[in-house]
Amino acid sequence: MIGCVIQSPLGNIRIGRDDTGITELKFTEEPVSISEDELLCRCAQELEEYFLGDRTVFDLPLSLKGTEFQKKVWNILTDIPYGHTETYGSIALKAGNPQASRAVGSACHNNPVWIMIPCHRVIGKNGSLTGYAGGIDRKQKLLEMEKKNASGITDAQSHQ
């Protein structure tokens with residue numbers, strides 16, 4: 001695996017890749033490390049655009065390892081529109097198992113590419129910001145940033 005660490009407004013982010021695509025995107029305490037790798041550079045650019053409010057959807061190949069259920073949940077999460085949230089229960093229902101809210105939470109926790117697969121957009125049924133492997137404070141900041149930026153985005157722009 002090839003990787004680098006970039007700086008973001010919410011802390012440093014480690015980006016990893018294999019021969020197929022992005023494998024890891026997580027907040028880290030590691031120092032910034034630059035890479036000349038084209039895919040890592042594209043990922044860093046798309047993250048910068050995201051944090052500036054200029055990108056609402058990521059357009060990079062992913063290489064994810066997980067169970068079939070986790071992959072199903074991660075795929076569903078990519079359909080949550082920028083600036084919106086859904087509950088663990090609604091994701092479980094879409095995954096075909098309405099009783100699987102905790103399993104959805106586990107899939108979110110095991111999401112290897114935070115932000116790109118927006119597990120931060122999943123909230124508790126009462127609207128609470130339950131769980132986020134990157135920290136509740138970051139989850140809240142991501143949601144606030146998206147809500148603020150989404151207020152000026154049209155439907156056509158939200159799928160860029």
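Which residues touch the most other members of the largest nonpolar core? In this predicted model, the core in question comprises 41 residues, and those that touch the most other members are Ile13, Ile15, Ile22, Leu25, Leu47, Leu77 and Ile115. Two or more residues are contributed by each of the strands β1, β2 and β3 and by each of the helices α1 (38-52), α2 (68-77), α3 (88-94), α4 (101-109) and α5 (136-150). The most is given by α1, which supplies six residues. In soluble globular proteins, nonpolar side chains tend to be buried together.

Leucine 77 illustrates the contacts of one of these core residues. When neighbours within four places in sequence are left aside, leucine 77 is in contact with Ile91, Cys108, Ile117, Pro118, Cys119 and Val122.

The strands β1, β2 and β3 form an open sheet in that order, with antiparallel pairing. Both β1 and β3 lie at the edges and have a single partner strand each, so one side of each lacks a neighbour in the sheet. Direction ignored, neighbouring strands of the sheet are turned by 15° against each other on average. Helix α1 packs on this sheet and touches β1, β2 and β3, and the direction of α1 makes about 140° with that of β2.

The pairing of β1 with β2 was examined next. Strand β1 (residues 2-6) runs antiparallel to β2 and is joined to it by five bridges. Within this pair, isoleucine 2 stands opposite arginine 17 of β2, and glycine 3 stands opposite glycine 16 of β2. The two strands form a hairpin with six residues between them, in which glycine 11 adopts a positive phi near 120°.

On the other pairing of β2, five bridges connect this strand to β3 (residues 22-27), and the two run antiparallel.

Ile13 and Ile15 are among the core residues that touch the most other members, and β2 is one of the elements that give two or more residues to the core.

How values were computed. Residues are numbered from 1 along each chain as its sequence is written. This is a predicted model: local features need pLDDT of at least 70, side-chain atom pairs count only at pLDDT 80 or more; totals for chains, interfaces and linings use all residues. Side-chain values use heavy atoms; hydrogens and water are left out. Two strands pair if DSSP finds at least two bridges between them. Helices (H or I, at least four residues) and strands (E, at least two) are DSSP runs, numbered from the N terminus. A nonpolar core is a set of buried Ala, Val, Leu, Ile, Met, Phe, Trp, Tyr and Cys residues joined through side-chain atoms within 4.5 Å. Buried means under 20% relative accessible area, exposed over 50%, partly exposed in between (1.4 Å probe, protein chains only). Contact means heavy atoms within 4.5 Å. Axes are lines fitted to C-alpha atoms, for helices over the stretch in contact, and angles run from 0 to 180 degrees between N-to-C directions.
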